[in-house]
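I opened this file to look up strands, ring contacts, surface patches and charge pairs. My entries follow in the order in which I made them.

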Amino acid sequence: MNTHHALKTGLLLLASALLAARMSADVVETKDGARLVGKIQKIADGTITLKTDYAGDLTIKQSEVTSLSTDQAVNVRLESGAIMAGTITTTAGAVKISSTDGELNTTVGKVAASWPAGQEDPRIVALRRHWTYEAAVDVTGKSGNSEQLGTAFSARATLKTPQDTLQFYSAYDRQVVDQQKSADQFKAGVDYQDNFANKVGWYVRDEGGFDRIKDIQLYDVAAGGLAYNFIKETKH
């Protein structure tokens with residue numbers, strides 16, 4: 001009897017834990033009446049990323065969201081630049097951020113970004129310089145009425161921040177058709193761009209190499225100047 005009672009109690013506790021786990025979730029409601037349940041991964045660039053068990057990661061336009069709430073504390077940055085960590089709840093269209101230090105009332109539209117507690121502000125992470133590398137090799141061949149062999153490679157290293165970009169690159173292309181070279185070209189260069197203002201910047205470039213088919217044993221081209229971005233948006 002005691003064993004049966006213990007088993008029953010254990011099953012009830014397990015069911016309660018599973019129910020609590022399912023009820024513990026973030027909720028996003030949209031203008032068309034949709035109620036999406038999952039885990040808010042981040043709020044950035046005017047979108048909300050919600051991780052769900054039924055549809056994976058969903059991207060929702062922030063302008064279409066009428067309310068949202070979190071079951072755990074998150075970091076929130078407002079348009080004013082203020083940052084607060086706490087749980088988010090919505091009442092009558094107003095967003096309330098609750099923390100141990102107090103409460104802050106705002107609206108969904110004024111939430112500029114959100115990220116999990118314990119992590120760094122994505123804006124600060126984006127400002128850090130970081131290298132990215134890219135390399136490619138291409139070998140093509142053909143036999144039959146004519147013989148053809150082509151070899152090419154390229155490499156690029158990029159150091160980028162929201163304000164400036166530094167690139168080093170090189171590429172080589174060699175094409176042989178019926179034992180006659182139709183391409184034998186190499187180039188390497190460096191490119192730096194600095195957007196010191198919102199849409200205004202400056203750049204310097206230098207590229208050197210050779211093109212033996214055109215009988216150019218060595219060339220070097222340098223350039224520099226001012227740049228103006230007529231369109232500068234995050235999505236472009």
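Before naming any element I noted the convention: helices (H or I, at least four residues) and strands (E, at least two) are DSSP runs, numbered from the N terminus. I am working on a predicted model, in which local features need pLDDT of at least 70 and side-chain atom pairs count only at pLDDT 80 or more, while totals for chains, interfaces and linings use all residues. Residues are numbered from 1 along each chain as its sequence is written, and side-chain values use heavy atoms, with hydrogens and water left out.

I looked up Phe153 and found it in strand β12. With a relative accessible area of 37%, Phe153 is partly exposed, where buried means under 20%, exposed over 50% and partly exposed in between (1.4 Å probe, protein chains only). Phe153 belongs to a nonpolar surface patch with Val137, Val139 and Leu149, and together the four have about 400 Å² of accessible area. The elements giving two or more residues to this patch are β11 (130-142) and β12 (148-160). Patch members have over 30% relative accessible area and no salt bridge; like charges are joined within 9 Å, and nonpolar side chains (Val, Leu, Ile, Met, Phe, Trp, Tyr) within 5 Å. The areas come from the Shrake-Rupley method with a 1.4 Å probe, and for residues only the protein chains shown count as cover.

I then checked strands β15 (residues 200-211) and β16 (residues 216-228), which pair in the antiparallel sense over eleven bridges; two strands pair if DSSP finds at least two bridges between them. Trp202 has Leu226 in β16 as its bridge partner. The two strands, β15 and β16, form a hairpin with four residues between them, and Asp215 in the turn has a positive phi of about 60 degrees.

Entry on rings. I counted rings of Phe, Tyr and Trp (its six-membered ring) as paired if their centres lie within 6.5 Å, with planes under 30 degrees apart taken as stacked, over 60 as edge-to-face and the rest as tilted. The count by this rule is six aromatic pairs. Tyr228 and Phe230 make an edge-to-face pair, at 5.1 Å centre to centre and 80 degrees between the planes; Tyr228 is partly exposed at 48%, whereas Phe230 is exposed at 70%. I also recorded one aromatic cluster formed by Trp131, Tyr133 and Phe168. For charges over rings I required NZ of Lys or CZ of Arg within 6 Å of the ring centre and within 35 degrees of the ring normal. Arg205 lies over the face of Tyr203, 4.5 Å from the ring centre, and Arg212 over the face of Phe210, at 4.1 Å.

Entry on salt bridges. I found six salt bridges in the structure, each a side-chain nitrogen of Lys or Arg within 4 Å of a carboxyl oxygen of Asp or Glu. Asp184 is buried at 2%, while Lys181 is partly exposed at 39% and Arg212 is partly exposed at 44%. Elsewhere, Arg35 forms a salt bridge with Glu29, their closest N and O atoms being 3.6 Å apart.
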